[in-house]
Amino acid sequence: MTEALIVRGLDKTFSKPAVRELDLTVHPGELYALLGPNGAGKTTTLRMVAGLTKPDKGSISIFGVDALADPAAAKAVTAWAPDEAMIYDRLTPLEYLEFVAGLWNVEPRHAKARAVELLETLGLASEARRRCEGFSRGMKQKVALAGALIHDPKLLILDEPLTGLDAASARLVKDMLQARVDAGGTVILTTHILEVAERMADRIGIIAGGRLLAEGTLDTLRSQAGQGGGDTLEDVFLQLTAEGAPA
Amino acid sequence: MSLLRPGGVAWLLAHEVRLNFRALTGKRAMGGVGAMIGLSLLALLMLTGGVIIGLALRGLNVPVVPLSAAIALACCATAFTLMLSQTLAAASEALYERGDLDLLFSSPIPPRTVLFVRALGVATGVLTVFLIFVTPLLGPAIILGHPHWLGLFGVLAALALLATATGLTLAMTLFRLIGPRRTRTVAQVLAALTGAAFFLVSQIRTLMGERASESLFQSLAREAAEGRVKIPPIGYWPLKAMLGEPLPLVVMLAIGAGAFALAALSLGKRFADAAAATQGAEASAARPVKGRDRAFARGVFAATLAKELRLILRDASLLSQVLLRVLYLVPTAVILSRNAGHGDGGAALAGGAGVVVFLAGQVAGSLAWITLSAEESPDLLAVSPAATRSLRRAKLAAALLPVALLLAVPLAVLLWLAPITALWTALGAGLSAWACGLINVWHQKPGKRADFKRRRGASWFATLAEVVVSALLAGATGLAVAGLSPWATIPLAFAGLAMLALRRSDAQIAKVLRMA
C-alpha cells in the first residue's frame with residue numbers, strides 16, 4: 001500500500017532549529033492531527049510538505065511521489081489551507097474558485113459545477129457573486145476551504161482550520177472533513193482545540209521543539225504517557241509536552 | 001510642564017514623525033546601502049547643478065516686472081496643484097487607513113488634536129518633498145549672494161499649508177456629498193487630475209489648435225514682451241515674498257497658516273465621524289458582481305490573466321495612481337496623431353513618438369509591479385502545480401494588455417495619417433512596455449498593493465532600470481521617426497545591452513524571492 005505521506009529525517013533551521021530529524025507517516029484515508037505547543041514546528045513541517053518551505057535535510061513522499069524531486073506532481077494531488085485564508089478580497093468566491101481551478105488545471109465545466117456545489121455545501125451560495133472584501137474571517141476561511149477542495153485533492157493539509165469559525169460553521173467544516181475521510185480522502189490538520197483532535201483524528205502526532213514526541217491513537221498516547229484510560233487528550237498532551245520540553 | 005506632555009500636540013506629532021520615519025526606513029537595514037549610494041549621487045548631481053546655477057546667478061537681481069511676476073505666479077500655481085494632488089490623496093487616505101486611528105479616537109485625546117497632528121504630518125510630508133528638490137538647486141545661490149531668496153522656502157511652506165487645508169476640506173466635502181464608498185475613488189482620481197492639471201491645460205490649448213511647438217512659458221514671454229501681460233498689484237506679492245520682502249512673506253505665511261488652522265481645527269469632529277463611518281463602508285456597500293453566467297477560464301494562463309485583469313480593474317485606489325501616467329500618455333499620443341494630421345514633421349513627430357514610447361514603458365512597468373510583485377496570495381501560487389513561467393507570462397500579459405488598449409485608437413489614427421511614424425511608435429511602445437515588464441519579472445520585490453506609491457523606494461534599482469531602458473528606446477524611436485534610422489541603432493543597442501545585464505535566471509529570481 002502506498003502511504004499518503006512519508007516524511008523521513010526532516011530538518012529545518014531558521015535562526016534556530018525549527019524541525020529536527022522528523023519522521024512521520026500518514027496512511028491513506030485517515031485523519032491525522034498534528035498537535036504541539038506554540039512554536040513546536042507544526043506549521044513549518046506542514047509548509048515543507050506543501051512545498052512552501054525547502055527543508056535543509058530529509059525526504060518527503062506524497063502518495064509515492066518524491067515531493068522534493070518532482071514538486072509539481074506532488075502538488076497536483078495536495079491542497080494546503082493555512083489559518084490565514086489565501087484569498088483575494090476583490091474577487092468573488094466564484095471567481096476565486098475559477099482561478100484556483102485554473103491553477104490545478106481542472107476541466108472548466110467540471111470545475112464550475114464543483115464550485116457551485118462546494119459553495120452551497122459551505123453555505124456561501126448567496127455570497128457567490130459578492131466580493132470577499134466584506135466577508136468575516138470565518139467566511140473567508142470557508143472560501144479558502146472551498147478552494148482547497150476544488151481539485152479534489154488526495155491529501156488535504158489544514159493549519160488551524162477552525163480558527164475564526166462560529167459554532168455552526170465549525171460543525172459544518174468538521175462534518176465535511178469527516179465525510180472526506182469516510183470517502184477515502186486523507187486529511188492532516190493542526191489544531192489547538194484538543195477536543196477536535198480527540199473526537200475526529202484516527203491518529204495523533206505530538207510535536208515539540210521540532211521533534212515528534214509521540215504518535216498513535218489516543219489509547220497509544222495514553223499508554224506512552226503512562227496514564228489511565230479515563231484521561232483526556234489534554235491530560236496526555238500536557239504530560240507528554242512537559243516531559244519532552246527542553247530542559 | 002514638559003513640552004512633550006502625553007496627549008499633547010507635540011507629543012502626538014513626535015509619535016507621528018517616529019512612525020513615518022520607521023515606515024520609511026523600516027525594511028532597508030541591508031538593502032538600503034545601494035539606495036543610499038544612489039540617492040547620494042543624485043544629491044551630489046543636484047548640488048553640482050545648484051552651484052553652477054548659483055555662480056551663474058551671482059550678481060543678478062530679479063526685476064519686479066510683469067513677466068517675472070507672471071512666472072512666479074505660474075510657479076506658485078504649479079507647485080500648489082502638485083501639492084494639492086498629494087494632500088488630497090493623503091487626506092482621503094487618512095480616513096480609510098485604520099492604522100492607529102481607532103486607538104487614538106478611543107482615547108481621551110480630542111479628535112481635533114488628532115486631525116491637527118495628522119494634517120500637520122501631511123503638510124510636512126509635502127513640504128519635505130519640495131525641499132528635497134529645491135534646497136540643493138537653490139541653496140548655493142542663496143549662499144552665494146542672495147540670502148533674501150530664503151523667502152522662497154517661506155512661500156513653499158505657505159503653499160504646503162494652504163494645499164493641506166484645501167485637500168482636507170475637499171476630502172471632507174466629498175465625503176459629505178457622495179459618501180464613504182465613493183469618496184476614496186473620486187478623491188484619488190481628482191488627485192491624479194490635479195497633479196496633471198498644468199500638463200492637461202497646456203495640452204488642451206494644443207489640442208484645440210495652438211501650435212504644439214509653443215510652450216506656456218514661451219507664450220507668456222511673447223505676450224509680456226508685447227506688453228500684453230497685465231498683473232494687478234496683489235499679483236506681485238508671491239514674487240516679492242520669494243525675494244524676501246517681509247510684508248508679502250508674512251501675509252502669505254499667515255494666509256497658509258490661517259487656512260490650515262481653520263480647516264484642521266474646524267473639521268476635527270467631522271473627521272472623527274467620517275473616519276468611523278468608513279469602517280467597512282466600502283466592503284459592505286460592495287454590490288454583487290454583475291455579468292452573464294459565463295464558463296470558467298481554461299488552464300493556468302487564462303485563469304491567471306482573468307484574475308489579474310479583474311484585480312487591476314477593481315482597485316480604484318491603484319488605478320487612480322496609474323491614471324497619472326495615463327493622463328500624460330494618452331494626450332501625448334493624441335497630439336502625435338494631430339501633429340501628423342497637420343503635416344507637422346521632424347522634431348514635433350519625433351519628440352511626440354519618443355514621449356509615447358517612454359510613457360508606455362512607465363505605465364507597463366507600474367502595472368507589472370502590481371501583477372508581479374504585489375501578488376496578494378503568493379503561497380497559493382507556490383502550493384499549486386502551475387509552472388512559474390506560465391504564471392509569469394499571464395501576469396506580464398495582464399500588465400501589457402491595458403497599455404495596448406490605451407494606445408490602440410491613437411495609433412490607429414496615426415497609422416492612417418503617418419504610417420511609418422505609427423509603425424515606429426507602435427514598435428517602440430511595444431518594446432518599451434515589454435522591456436519594463438521584463439525588468440519587473442527579473443527584479444521582483446514582493447510588496448503590498450497599498451505600498452504602490454512607495455514601490456520606487458523598495459526597488460529603486462528596477463525603477464532606475466525602467467527609466468533608463470524606456471528612455472533609450474524612446475530615443476531610438478524618436479531618431480527613427482526623424483528619419484535617422486542608422487543612428488537609432490545606437491540607443492537600441494544600449495537598451496539591448498542594459499536588458500542583457502539586467503536579466504536574471506529563474507533560479508536567481510527564485511533565490512531572491514525566497515530571501516525576501
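Select helix 5 (residues 111–143) and helix 6 (residues 151–195) of chain B, whose axes come within 9 Å and cross at roughly 150°; helix 5 of chain B and helix 6 of chain B are therefore roughly antiparallel to each other, since angles over 145 degrees count as roughly antiparallel, those under 35 as roughly parallel, 65 to 115 as roughly perpendicular and the rest as oblique. The axes are lines fitted to C-alpha atoms, for helices over the stretch in contact, with angles from 0 to 180 degrees between N-to-C directions. Helices (H or I, at least four residues) and strands (E, at least two) are DSSP runs, numbered from the N terminus.

This is a predicted model, in which local features need pLDDT of at least 70 and side-chain atom pairs count only at pLDDT 80 or more, while totals for chains, interfaces and linings use all residues. Residues are numbered from 1 along each chain as its sequence is written, chains are lettered from A and ligands numbered from 1 in the order in which they are written, and side-chain values use heavy atoms, with hydrogens and water left out.

Next, colour chain B by domain, with bounds from an automatic or database domain assignment: domain 1 covers 9–24 + 37–281 and domain 2 covers 300–515. Their centres, taken over C-alpha atoms, are separated by 30 Å.

Now move to chain A, where four strands form an open antiparallel sheet in the order 2-1-4-5; two strands pair if DSSP finds at least two bridges between them. At the edges, each pairing on one side only, are strand 2 (17–26) and strand 5 (65–66) of chain A. Helix 1 (residues 42–50) of chain A packs on the sheet, touching strands 1, 2 and 4, and its direction makes about 120° with that of strand 1 of chain A.

Within the sheet, select strand 1 (residues 5–13) of chain A, which is joined to strand 2 of chain A by six antiparallel bridges, with A:Ile6 opposite A:Thr25. Strand 1 of chain A also pairs with strand 4 of chain A over five bridges, and there A:Asp11 has A:Lys57 as its bridge partner. Finish at the hairpin of strands 4 and 5 of chain A, where two residues lie between the strands and A:Phe63 in the turn has a positive phi of about 45°.

Definitions and conventions. Contact means heavy atoms within 4.5 Å.
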